[in-house]
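Visitor: I have a model open and a few things to ask about it. Can we go through it piece by piece?

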Amino acid sequence: MLNNYRLEHTECDFKRKVEHSKTKSWLKSVCAFANGIGGMLVFGIDDETRTHKPIADMQKEIEFITACIKDRVSPIPEFILEPDVTENNEEVLVLKIMGGLNTPYYLIENSTKITFIRAGSSSVQADTPILHELILKGTNRTWDTLKSEHKAKDFSFTLLESVYFNKTGNHLEPRDYLSFGLITQDGFLTNTGALFTDVSPFRQARIFCTRWNGLSKAPSSVDAIDDKEFSGNILQLLTDSESFIKLHNQKIWYKTAASRIEKENFPERAIHEAMVNALVHRDYGVLGSEIHIDIFDDRIEIQNPGGMYDGVPVQNQDLENIISTRRNPVIADLMNRMDFMERRGSGFRKILAAVKFAPNYREENLPVFKSTPFSFTAIIKNLNFDVKTNIENEVENKDIEKNGLKSQKWPDANEGLNDPVNDPVNDPVKIILELIKQNPNATYAYLAAKINKSEATVKRAIVKLKEAKLIKRVGADKNGYWEILQ
C-alpha cells in the first residue's frame with residue numbers, strides 16, 4: 001500500500017489519467033526518471049487537487065502504457081507497472097521507472113529525439129551541457145578523463161609539481177602524469193591535465209569574486225566594495241579565492257584572564273572545504289560559466305555550475321550521510337593525493353563541524369546547501385552578524401539620507417575617546433582612527449567593511465573624530481585624504 005500521495009517531488013509525479021492523445025505529457029517524465037535516480041508516475045491522482053480519479057479500465061491502460069514506452073522511449077528503461085491502493089483504499093495505477101545506466105534516454109517524437117531530466121517536481125528538457133554529461137555517463141566516462149586538443153609538450157606543471165612535493169614529500173615522475181590521468185599515451189593533455197597546467201587553456205576555469213555592500217545585490221550608493229576575477233590552474237584558483245575571502249573575513253577578539261578569544265566571521269576551515277568542493281565537483285563542460293563567490297554582510301554564497309552528480313537535490317539529503325558520487329573522479333583523486341580532500345563524501349560534515357566548533361556558533365547559523373540540476377550553492381553565514389544591529393543601522397541610514405548628518409543627535413565628541421579599549425567592536429571610533437592612520441585614503445565603504453558595521457556608524461564616528469579635532473579632511477571627498485591632527 002502506498003500512503004503518501006500528498007506532494008509531487010523529484011521522484012514522484014501525479015497524473016489524473018493516462019493521456020492517449022497527449023502522451024508526451026507523461027512520457028517525458030518516464031525519460032526524466034530514467035535519466036536520473038528513478039521515480040514513479042501515479043495515474044489516478046489529480047496533480048492539482050490531490051483527489052482520487054478512478055481509472056475505468058485498468059488492464060487496457062496497462063497495455064497502452066507498456067506499448068507507448070516500448071515504441072517511443074529509446075533505449076527502453078527498466079520499469080514496473082502495477083495497480084496499487086492509497087491509504088484510503090482507492091485504486092491507482094503506479095508506473096515505477098528505474099534510474100538507468102544507458103543514458104541518455106530519449107523521447108521519440110516525429111522522428112526527433114528529445115531528452116528530459118527532473119528539476120524539482122517538473123520534467124524539463126535537458127540543455128546541451130547536461131545532454132553531454134548524460135552521454136558520458138551512458139558510456140561510463142567522465143569529462144575529466146577525456147583527451148583534450150592540447151599537446152602536453154606545450155605546457156608546464158611547475159606549480160603542481162611544487163605543491164605535490166610539499167604535500168607528499170615525493171616528486172612527480174614522468175610516469176605519474178600518465179597513471180594519474182593528466183596526459184594520454186600519445187602525448188596529449190587530458191581535460192584534467194589542462195586544468196592543472198601552469199596556464200590553463202580552459203577559459204571556463206574562472207572564479208568571479210565580489211564583496212557586496214549590504215545584504216543583497218540591490219543597487220545602492222555603493223553597490224560593491226571589492227571584486228576580482230581569477231582564472232587558470234585549479235591550485236592557483238583555490239589560493240586566490242581563499243585569499244580574497246580572507247581579505248574580507250573580519251575577525252573580532254577579546255582577552256580573558258589567561259587567553260585571547262578570536263571570533264572569525266566565517267571559519268576558514270569551512271571556507272576551504274566549500275571552495276575545494278566547488279572546484280572539484282563543478283561541471284567544467286558548461287562553457288561560458290564560472291564559479292561565483294558573493295560576500296554579503298551576513299553570508300558568503302559560493303555557487304558553481306552543475307548540481308549533484310547523482311541527481312538528488314542536496315536539500316533533500318541527510319548532510320551527515322551523503323554517499324560520495326564524483327562528477328570529476330580524476331580531479332578528485334589528484335586533490336586527494338595532495339590531501340586537499342577525502343574521497344569519502346565527508347566535505348559536508350567537515351563544513352558543518354567547522355561551524356559548530358566556532359566559539360560564536362549559534363544553531364541558526366548552520367550553513368545551507370542548495371542545488372538544482374544546473375548549479376550548486378553553499379551558503380556560509382556570518383557568525384558575528386547581528387540581525388538586530390543591522391536593522392537599526394538600516395533605519396539610521398535612511399534617516400541620514402532623508403535628514404542629513406546634522407539632523408542626528410550625537411553623543412559628546414570626547415565621550416569614550418580616553419577610555420581603555422577592552423572590546424574593539426564596541427568602540428568603532430578608536431578602531432576607525434587606527435584604520436585612518438594606516439590608510440589616510442580610506443573611504444566610508446572601506447571603513448564600514450573593515451569594522452563590519454554600516455556606513456552610518458562610520459559617518460557618526462568620523463563626526464566625533466572631527467569634533468574632537470583628531471582628524472580633518474584634506475581635499476575633495478573623491479580624491480582627498482584624512483590628516484591626523486593629534
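Visitor: Which side chain does the side chain of T142 join in a polar contact?

Guide: The side chain of D144, at 2.5 Å. A polar contact is a pair of N or O atoms within 3.5 Å; within protein, one must be able to donate a hydrogen and the other to accept it, and residues adjacent in sequence count only if both atoms are side-chain atoms. This is a predicted model, where local features need pLDDT of at least 70 and side-chain atom pairs count only at pLDDT 80 or more, while totals for chains, interfaces and linings use all residues. Residues are numbered from 1 along each chain as its sequence is written, and side-chain values use heavy atoms, with hydrogens and water left out.

Visitor: Is T142 buried or exposed?

Guide: T142 counts as buried because its relative accessibility is 12%; buried means under 20% relative accessible area, exposed over 50%, partly exposed in between (1.4 Å probe, protein chains only). T142 sits in the loop between α3 and β9 (147–151). Helices (H or I, at least four residues) and strands (E, at least two) are DSSP runs numbered from the N terminus.

Visitor: What else is T142 in contact with?

Guide: Setting aside neighbours within four places in sequence, T142 is in contact with L136, Y309, R327 and P329. Contact means heavy atoms within 4.5 Å.

Visitor: Switching to the core. How many residues are in the largest nonpolar one?

Guide: It has 64 residues, and those with the most contacts inside it are L160, F196, I293, M335, M338 and F369. Helix α8 (residues 268–281) gives the most to this core, with 8 residues. A nonpolar core is a set of buried Ala, Val, Leu, Ile, Met, Phe, Trp, Tyr and Cys residues joined through side-chain atoms within 4.5 Å.

Visitor: Last topic, S375. Where is it?

Guide: S375 lies in strand β18 (residues 375–381). S375 is buried, with a relative accessible area of 18%. Leaving out neighbours within four places in sequence, its contacts include Q303, N304, P305 and K370.
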